[in-house]
Structures are given as C-alpha cells and as structure tokens.
Amino acid sequence: MKTTILLFHPDLHASRANKVLAKAAQAAGIEVRDIYSQYPAGQIDVKKEQAVLETTDRIVFQFPMYWYATPSLMKEWLDQVLEYGWAYGSTGNALQGKKVILAVTQGAGAEDYTADGRFHVTTQELLKPLETIKYHTGLVFEEPFVVSGVLNLSEEALSDAANSYIARLSQA
Ligand SMILES: Cc1cc2nc3c(=O)[nH]c(=O)nc-3n(C[C@H](O)[C@H](O)[C@H](O)COP(=O)(O)O)c2cc1C
C-alpha cells in the first residue's frame with residue numbers, strides 16, 4: 001500500500017513538531033510532499049496533484065492546527081484539487097476507497113480540547129468538516145493522528161510522537 005504525506009506548513013523552518021514528524025516519515029521511506037514549498041505563490045497545479053493522488057492508496061494530510069482549522073493553503077488545495085467530475089459527481093470517482101489520515105499538531109493541550117475544557121470542543125468535532133468530505137468522494141477516513149500540547153512538549157516526547165507516527169503509518 002502506497003502512502004503519500006501531503007504536508008501543509010507555511011513556515012517549516014520555524015516548525016518543531018511537523019519538521020520532526022516529516023523527517024521521521026522520510027527516513028522511514030514514506031514520500032512527503034511539502035505543499036507550501038511546492039507552491040510558494042499559492043498557484044496549485046491541480047492536474048499534478050490529482051495525478052499524485054491517483055497513484056497513492058493512502059493520503060496523509062499533515063498540518064498544524066490554525067484557528068481550529070487547517071492552514072489556508074490546505075483549504076485552497078481541497079477547494080481546487082477535489083474537482084467535480086474527478087473527485088465527485090457522476091463521473092467523479094478517482095478517490096473512491098482511498099484511505100485518509102489527518103495528522104494534526106496542536107499548540108494547546110489535549111485537556112483543552114474537551115467538552116468541559118478551555119475550548120469546549122473536541123478535536124474530533126473540529127475535524128468533522130474534513131471527514132464529511134467522504135460522503136462526496138468515497139474517501140475512507142481512518143483514525144486521526146493528533147499531537148497536542150506541542151508548545152510544551154519535551155524533545156523526548158516529540159521523538160516518541162515521531163515513533164508513534166511511523167508505527168501508525170507502517171500499519172496497512
Ligand atoms: C496562525 C496560528 C493559529 C494557531 N491556531 C491554533 C489553534 O487553533 N489551536 C491550537 O491548539 N494551536 C494553534 N496554533 C499553534 C500551532 O498549532 C502549533 O504551533 C503547531 O501545531 C506546532 O507545530 P510546528 O512546531 O510544526 O509549527 C496556531 C498557530 C498559529 C501560527
């Protein structure tokens with residue numbers, strides 16, 4: 001099963017978590033596509049992105065949570081790449097049955113993302129709009145991979161998270 005990571009981070013040089021996760025994945029032989037560096041002017045090559053998805057079995061969207069949602073280029077990527085007639089519609093079945101993992105990092109702690117916590121919303125609820133894409137596309141969303149509390153995570157905890165990420169992505 002071929003897995004492709006689409007990494008959406010606007011400033012990877014300044015990244016702690018996503019850089020470590022991406023490097024670990026690359027070292028494990030998993031293809032990581034850094035979408036912000038691919039399209040610095042934000043002009044997405046839709047046909048190229050679709051061709052990449054057509055040859056992969058499992059798509060991992062890896063991104064830092066920004067304002068309880070995705071970085072803006074990821075939203076733009078979804079809006080442009082998941083075209084009518086390709087991703088959905090009567091002839092749009094290119095993504096049917098492909099698997100998806102949302103790999104999300106959060107600055108805030110896991111305890112903040114509970115009904116009674118600081119944000120009064122769970123991560124699962126925040127990811128629901130993305131998962132709802134499955135009804136149009138036939139994508140099969142697997143359990144998200146979430147790393148919370150990145151702002152206070154030790155190097156050791158970060159390295160543990162990277163190991164868990166690789167273990168997860170190594171599962172069929
Ligand atoms: C514009 C912006 C918005 C952010 N919004 C959130 C948020 O809604 N929830 C949260 O937990 N962290 C938020 N953060 C923190 C990032 O999610 C966190 O710094 C990132 O996941 C850490 O990954 P990195 O080390 O790869 O950058 C935000 C950061 C920025 C710059």
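The protein chain of this predicted model contains seven helices and six strands, where helices (H or I, at least four residues) and strands (E, at least two) are DSSP runs numbered from the N terminus. Along the sequence these elements follow the pattern β-α-β-α-α-β-α-β-α-α-β-β-α. Residues are numbered from 1 along each chain as its sequence is written, and side-chain values use heavy atoms, with hydrogens and water left out. Because the model is predicted, local features need pLDDT of at least 70 and side-chain atom pairs count only at pLDDT 80 or more, whereas totals for chains, interfaces and linings use all residues.

The radius of gyration of the protein chain is 16 Å, which agrees with the value near 16 Å for a compact globule of 172 residues; the radius is taken over C-alpha atoms, and the globule rule is 2.2 Å times the number of residues to the power 0.38. Taken along the principal axes, the C-alpha atoms fill a box of roughly 45 × 35 × 35 Å. Of the 172 residues, 49% count as buried (under 20% relative accessible area, with exposed over 50% and partly exposed in between; 1.4 Å probe, protein chains only). Among contacts (heavy atoms within 4.5 Å) with a separation of 6 or more, 74% involve residues 24 or more positions apart.

Strand β1 (residues 3-7) is largely enclosed by the rest of the structure, since five of its five residues are buried. Thr 3, Ile 5 and Leu 7 point one way from β1, while Thr 4 and Leu 6 point the other way. Two strands are taken to pair if DSSP finds at least two bridges between them. Strand β1 runs parallel to strand β3 (residues 58-64), to which five bridges join it; in this pairing, Leu 6 has Phe 61 as its bridge partner. With strand β2 (residues 31-34), β1 also pairs in the parallel sense, over four bridges, and Leu 7 is there partnered by Asp 34.

Within strand β3 lies Ile 59, which counts as buried at 1% relative accessibility. Leaving aside neighbours within four places in sequence, Ile 59 is in contact with Thr 4, Leu 6, Leu 53, Leu 95, Lys 98, Lys 99, Val 100, Ile 101 and Leu 139. One of these residues, Lys 99, is 40 residues from Ile 59 in sequence and 6.2 Å away in space, C-alpha to C-alpha.
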